[in-house]
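Trainee: I have a model open and want to learn how to read it. Where do we start?

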Amino acid sequence: MTTIAYHHPTQTICVDSLTSTAKTIVTHHAQKCQPVHNGYVFATGNCAEIYHLLSNWRKNCFEAIECTFFFIDKRDNVFYGEIRHGKRFIEPLEVNWAIGSGANWAIAAMDFGKSAFEAVQYACKRDKSTGGRIHSFCIKNKSRWMKKASAH
């Protein structure tokens, strides 16, 4: 799966870059920030479900997928989201949080004062499905990374 950590005090999201199947690594270079209507999504789940999430974002009508995500809107608000019963649900995030297979490791690291980057680093050491290069996205400097995400 993956680990995506949000550190609220610094408004920073960090992600690993590993993509895998149940048995093998697909790539160590996955881009996990994707543009959608009205913002950007950082999603966890299998590749087909994430593609379905991105493709159907605007109409908010989904098949039976299991997907969690962080959503950054055009006003730089950060939300935790999930797909339930074929619909997208989001809630504002005002605390440190993490999603994906390494979420518990990342949340524990942030509970002990680590940054989002350090939290994903720690998840890489403990979670078999988290790895590769760690990418950091500061919400306040969105203009620096949104062009890169739009290019993918």
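**Reading the model, feature by feature**

Mentor: Start with one side chain: that of Ser17 reaches the backbone nitrogen of Arg133 at 2.7 Å. Keep in mind that this is a predicted model.

Trainee: Where in the fold is Ser17 found?

Mentor: Look at the elements on either side. Ser17 is in the loop between strand 2 (12-15) and strand 3 (19-20).

Trainee: Is Ser17 buried or exposed?

Mentor: Read the relative accessible area; under 20% means buried. Ser17 has 0%, so Ser17 is buried.

Trainee: Next, the cysteines. How many disulfides are there?

Mentor: The general idea comes before the count. A disulfide is a covalent bond between the sulfur atoms of two cysteines. Here the count is zero. For Cys14, the nearest cysteine sulfur belongs to Cys138 and is 9.6 Å away, and Cys14 is in no disulfide.

Trainee: Now helices. Which residues of helix 3 are buried?

Mentor: Helix 3 spans residues 116-126, and its buried residues are Ala116, Ala119, Val120 and Ala123. Looking down the axis, these buried residues fall within an arc of 95 degrees, so they line one face of helix 3.

Trainee: What do the buried residues of helix 3 pack against?

Mentor: They pack against strand 1 (3-7), strand 2 and helix 2 (103-111).

Trainee: Which residues of helix 2 are buried?

Mentor: Ala103, Ala106, Ile107, Ala109 and Met110 are the buried residues of helix 2. Their arc around the axis is only 160 degrees, so they sit on the same side of helix 2. Turn to the face pointing away from that buried side: helix 2 carries the exposed residues Asn104 and Asp111 there.

Trainee: And the partners of helix 2?

Mentor: Its buried residues pack against strand 1, strand 10 (97-100) and helix 3. Then follow the backbone onward. Just after helix 2, Gly113 has a positive phi of about 90 degrees.

Trainee: How do I read a residue such as Ile25?

Mentor: Ile25 lies in strand 4 (residues 25-27). Ile25 has 46% relative accessibility, so it counts as partly exposed. Beyond neighbours within four places in sequence, Ile25 is in contact with Leu18, Thr19 and Ser20. Also compare sequence with space: Ile25 and Ser129 are 104 residues apart along the chain, yet their C-alpha atoms are separated by 8.6 Å.

Trainee: Last, the whole chain. What is its secondary structure?

Mentor: Four helices and eleven strands. A compact globule of 152 residues would be near 15 Å, and the protein chain has 14 Å, which agrees. Of those 152 residues, 47% count as buried.

Trainee: And the surface?

Mentor: The protein chain exposes about 8,500 Å², with carbon and sulfur atoms supplying 52% of it.

Definitions and conventions:
Residues are numbered from 1 along each chain as its sequence is written. This is a predicted model: local features need pLDDT of at least 70, side-chain atom pairs count only at pLDDT 80 or more; totals for chains, interfaces and linings use all residues. Side-chain values use heavy atoms; hydrogens and water are left out. A disulfide is a pair of cysteine sulfur atoms within 2.5 Å. Helices (H or I, at least four residues) and strands (E, at least two) are DSSP runs, numbered from the N terminus. Buried means under 20% relative accessible area, exposed over 50%, partly exposed in between (1.4 Å probe, protein chains only). A polar contact is a pair of N or O atoms within 3.5 Å; within protein, one must be able to donate a hydrogen and the other to accept it, and residues adjacent in sequence count only if both atoms are side-chain atoms. The radius of gyration is taken over C-alpha atoms; the globule rule is 2.2 Å times the number of residues to the power 0.38. Accessible areas come from the Shrake-Rupley method with a 1.4 Å probe; for residues, only the protein chains shown count as cover. The arc is that of the directions from the helix axis to the C-beta atoms. Contact means heavy atoms within 4.5 Å.
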